[in-house]
Amino acid sequence: MKPLHSNVFLFLVLVLLSSCKGVVDISDEEIFAVHVEDISIIPKPSELNFRTSVTDFPVVNILCFNAEAKESAEWLSVLLKKANLEVHTTQGESCGTWNLLTDDSLKNELGEEGYILEINREGVFLKAATNAGLFYAIQTLRQILPASLENDEFQYKRLQLPHLYIKDIPKYSWRGTMVDIARSFFGLEYLKSHVDRMAFYKMNRLHLHLTDDQGWRIEIKGKPELTNIGSKGAVVDGNSGFLSQEEYIELQTYAAARNIIIIPEIDMPGHIYSALLAYPELNCDEFSNLVPRMATPPELFSGTKVGWSKLCLTKPEIYDFVSTVIGEMASITAGPWIHIGGDEINDDLYETFVVKADSIVQQYGKTSIGWEEVTKAPVSSSLISQQWHGKVQSVVDVQVIKSICTSFYFDHANIPGQVNTNNWCKKTGVSLEEVYSFSRDNQNVIGLEAPVWTEFVFDEDTLDNRFWPRTIAVAEIAWNTDVSGNYTEFISRLIKHEGRLKIMGINYFPSEELGWDINPNTKKNTDVFKGFIPEIFKRSIL
Ligand code: TNX
């Protein structure tokens, strides 16, 4: 750490420099004042108090951080520079106008992801036990600052901020979305934008549904036909393709820098025709594992029917296949989880399979997640069950992620009758209000996750329309559980996000109660942090 006097010296030099440039003469018009009534923070912080006083920030600023908070200092500099501030970063504690501090002893008070953000007459102070907490403090600050920062159109020279105190701690550790890139493929660039958007709303888990009957979307070097052959299909009108391991790792690093963990799903033993096509030996004799027979290898499957394909569970060789695939996924996955699917199949050997697949995941040092059907089997107590209807009688006491279809299946319509949507779970679709009103009932719940299945989603604008703004409601109720029931108040905050969502190029669905432009006109696609990675993430995170 630098001694304080050297920082004071640096400050004096900077003040001198800035007065030489004449910036002390800046007129009032060049100051952008943030007004309390314009501030709309989502998810709603657990504690937020505005004071009546304000601070005008200088043009030249010292950003001060402790050694551990270096990556956070990089994020904050990017943000402040977009506000046209001149920023000089220096290591130290509370020695600047902007101050970042990680302090392990705050873990009791703030947990892994909580933070304190204070703006007072001395400056701005961001504190947390971890860089994850600071990252979220920076996202909050970003929501306080004007949206024009996002696309470099902020014209002012100085900022005036109201004094405030925020102490903010998430309720759930799992605040997720899922993208089905198997039915219709969406590639690296879209997924990175999706990560940017999730991070802005403090979401931290991205589940990728990588494999299904229609397509296999992740390169497995030990089983090259999975992508040579298995990636070629998609639903009718959907795109095919796959992520190379290099792309998967690039996405994962980009996400990790934003405190988002990628959860890869290899759906087994059903939903697996694309693998059965690539390696026909995984089928039973005469394809008796394909019932009803919707396609026969080497034919691709481009329909939408579910529950008709499975690995031949009487063949011991299928476990070599499972082991190769899981082993490779474990070796390229930084997060602790691998999702083994397990949905929608009937077979006497189903439970045996699930128990074995779970133990293979553990052999490779990871923890399994499965769709709730897997809890019919005596799986390990570390497995996490992802509930999509909540009706399975579990034989194990395990942690639960709620993805209940009546509230979180965003392949369902935003409003009744919306075209290209599924409706098997709820005929009228899943409205923004229904998402927001979800009430949790079970003490094992670790969080919420909203999936978009892509049987009827063929392009990025449609995928945006399914995710946004419903995902913002998920982000809020997963972070702050004191908000339930106050939908009107949520809407009054969400309304103010329209401009920012447009700048970020999000083709949102204009829910009527928001009064947003019907056509978001998403020509620009930007984000103040788009493409940015702090130094420490330029090395491998595996
Ligand atoms: C059920 S939920 C599925 C998916 C479909 C989805 C369509 C679950 C684990 N399986 O295979 O895409 O419904 O809404």
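Guide: Happy to. Around the ligand sit Arg183, His271, Asp343, Glu344, Trp371, Trp388, Tyr409, Asp411, Asn422, Trp424, Trp453 and Glu455, where being near means having a heavy atom within 4 Å of the molecule. A word on the source: this is a predicted model, where local features need pLDDT of at least 70 and side-chain atom pairs count only at pLDDT 80 or more, while totals for chains, interfaces and linings use all residues. Residues are numbered from 1 along each chain as its sequence is written, and side-chain values use heavy atoms, with hydrogens and water left out.

Back to that shell: it splits into 5 nonpolar, 2 polar and 5 charged residues (nonpolar is Ala, Val, Leu, Ile, Met, Phe, Trp, Tyr, Cys and Pro; charged is Asp, Glu, Lys and Arg; the others, Gly among them, are polar). Now for some polar contacts, meaning pairs of N or O atoms within 3.5 Å. Arg183 puts a polar side-chain atom 2.8 Å from a ligand oxygen. For Asp343, a side-chain N or O atom is 2.9 Å from a nitrogen of the ligand, and for Trp424 a side-chain N or O atom is 2.6 Å from a ligand oxygen. The ligand taken alone exposes 370 Å², and the protein buries 98% of that (Shrake-Rupley areas, 1.4 Å probe).

On to the helices, which are DSSP runs of H or I with at least four residues, numbered from the N terminus. H2 (residues 70–82) packs on H4 (residues 131–144) at about 10°, with the axes 9 Å apart; axes are lines fitted to C-alpha atoms over the stretch in contact, and angles run from 0 to 180 degrees between N-to-C directions. That makes H2 and H4 roughly parallel, a label for angles under 35 degrees. In contact (heavy atoms within 4.5 Å) are Glu71, Ser72, Trp75, Leu76 and Leu79 from H2 with Asn131, Leu134, Phe135, Ile138, Leu141 and Arg142 from H4. By class, that's 7 nonpolar, 2 polar and 2 charged.

Asp237, in the loop between H6 (225–228) and H7, has a positive phi near 75° without being a glycine. The loop between H8 (273–278) and H9 holds Pro292, which is joined to Val291 by a cis peptide bond with omega about -10°. Pro298 is in the loop between H8 and H9 too, and a cis peptide bond with omega about 5° links Pro297 to Pro298.

How values were computed. A polar contact is a pair of N or O atoms within 3.5 Å; within protein, one must be able to donate a hydrogen and the other to accept it, and residues adjacent in sequence count only if both atoms are side-chain atoms. Helices (H or I, at least four residues) and strands (E, at least two) are DSSP runs, numbered from the N terminus. Angles under 35 degrees count as roughly parallel, over 145 as roughly antiparallel, 65 to 115 as roughly perpendicular and the rest as oblique.
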